[in-house]
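Subject: Structure for your files

Hello,

Here is the structure I said I would pass on. My notes on it follow below.

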Amino acid sequence: MNLSLNKSRQTHKDKILFPVSGITKQNVLEYYYTISDYILPYLKDRPLTMQRFPNGIDKEGFFQKHIPDYFPDWIPTVKVKKQGGSVNHVLCNSKDVLSYLVSQYALTFHVTLSRIDKIEYPDKLIFDLDPPKDDFKLAIKAAKAVRNLLENELELKAFLMTTGSRGLHIAVPLKADESFDTMHEFSRLVSHYICSNSPNEFTTAVRKDKRKGRLFIDYIRNSYGQTSVAPFSIRAIENAPVATLLSWDELDNRALTAQTYTIDNIVDRLEKKTNPWEDFEQNAKSTDSAMHKIKKMT
């Protein structure tokens, strides 16, 4: 099945999805087609949750996990167990599938922290750093603190990404040999330790009224069935900012924000800069040793 952008199957190309910045469905289709070789490795074999905006980002969108009945039969799926049943997720392993999903107004892609071959064993941890009122400097400070703990104390490799929205994600590659329950507990201990050292700046409080102007370190997504935004996904914000992989030294750029990179400038960046996550999988570890260390520290 060939769904290249030249096929008439792509309809309503001139429809404006970002009303202020004037970004159209065609612009979004062209973006994802152009960067498909970059995004597909981060989508491959991971049950997908689509964030769809058929009427543009100024209208209410929706999250979709279960494949709709009207999607064509050639779209691959995987059935994933959940409490009380299962969900039939889309798998996006090819350009054709990606193009089709975007043609159905999927703007943002969220993926599980595990792959279908070992669905109950995550191959990465995510620490989601969500600053108050777009205080990106506080997100940078938190990122450096989390990295210092992970790499210098716990001997795990940490990788960095802007969310394209407000904050940063720190990802830790895992060997996929430990359960979600174990990884949830490990990420909880790490997050609470960071917050205990800077209680006036960082918190793990889920309720916004309990945060009191502090940055929220979200570790809860390190649970079975939870997702995180995929690298290179567009966010439903004017100018179409993109979740972007970073090297750690880029945090010293004072102009950097969570929305620095958009569909207008990300391709140029990708063509000029090597992938800062190139050795992500090669740095995968189990957390046995790190778990023992963090328990002694807390």
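Helix 5 and helix 7 cross with a left-handed sense. This is a predicted model, and the description here should be read with that in mind. Helix 5 covers residues 180-197 and helix 7 covers residues 288-297. Their axes come within 10 Å, and the crossing angle is roughly 40°. Angles from 35 to 65 degrees fall between roughly parallel and roughly perpendicular, so helix 5 and helix 7 count as oblique to each other.

On the helix 5 side, the contact is made by Thr 182, Glu 185, Phe 186, Leu 189, Val 190 and Tyr 193. Helix 7 contributes Ala 290, Met 291, Ile 294, Lys 295 and Met 297. By type, the residues of this contact divide into 8 nonpolar, 1 polar and 2 charged.

On the chain as a whole, the division is into two parts. Domain 1 takes in 16-119 + 227-238, and domain 2 takes in 124-225 + 280-297. The centres of domain 1 and domain 2, taken over C-alpha atoms, are 25 Å apart. Where the domains touch, 17 residues of domain 1 are in contact with 16 residues of domain 2.

As for annotation, UniProt has an unreviewed entry that lists residues 24-277 as "domain: DNA ligase D polymerase". In the model, that span is 28% helix and 22% strand.

Regards

How values were computed:
Residues numbered from 1 in each chain as written. Predicted model: local features only at pLDDT ≥ 70, side-chain atom pairs only at ≥ 80, totals over all residues. Heavy atoms only, no water. Axes fitted to C-alpha atoms, helices over the stretch in contact; angles between N-to-C directions. Helix = DSSP H or I, 4+ residues; strand = E, 2+ residues; numbered from the N terminus. Parallel < 35°, antiparallel > 145°, perpendicular 65-115°, else oblique. Left-handed = near helix turned anticlockwise from the far one by under 90°. Contact = heavy atoms within 4.5 Å. Nonpolar A, V, L, I, M, F, W, Y, C, P; charged D, E, K, R; others polar. UniProt positions renumbered as here; feature names shortened; annotations may be inferred. Domains from an automatic or database assignment.
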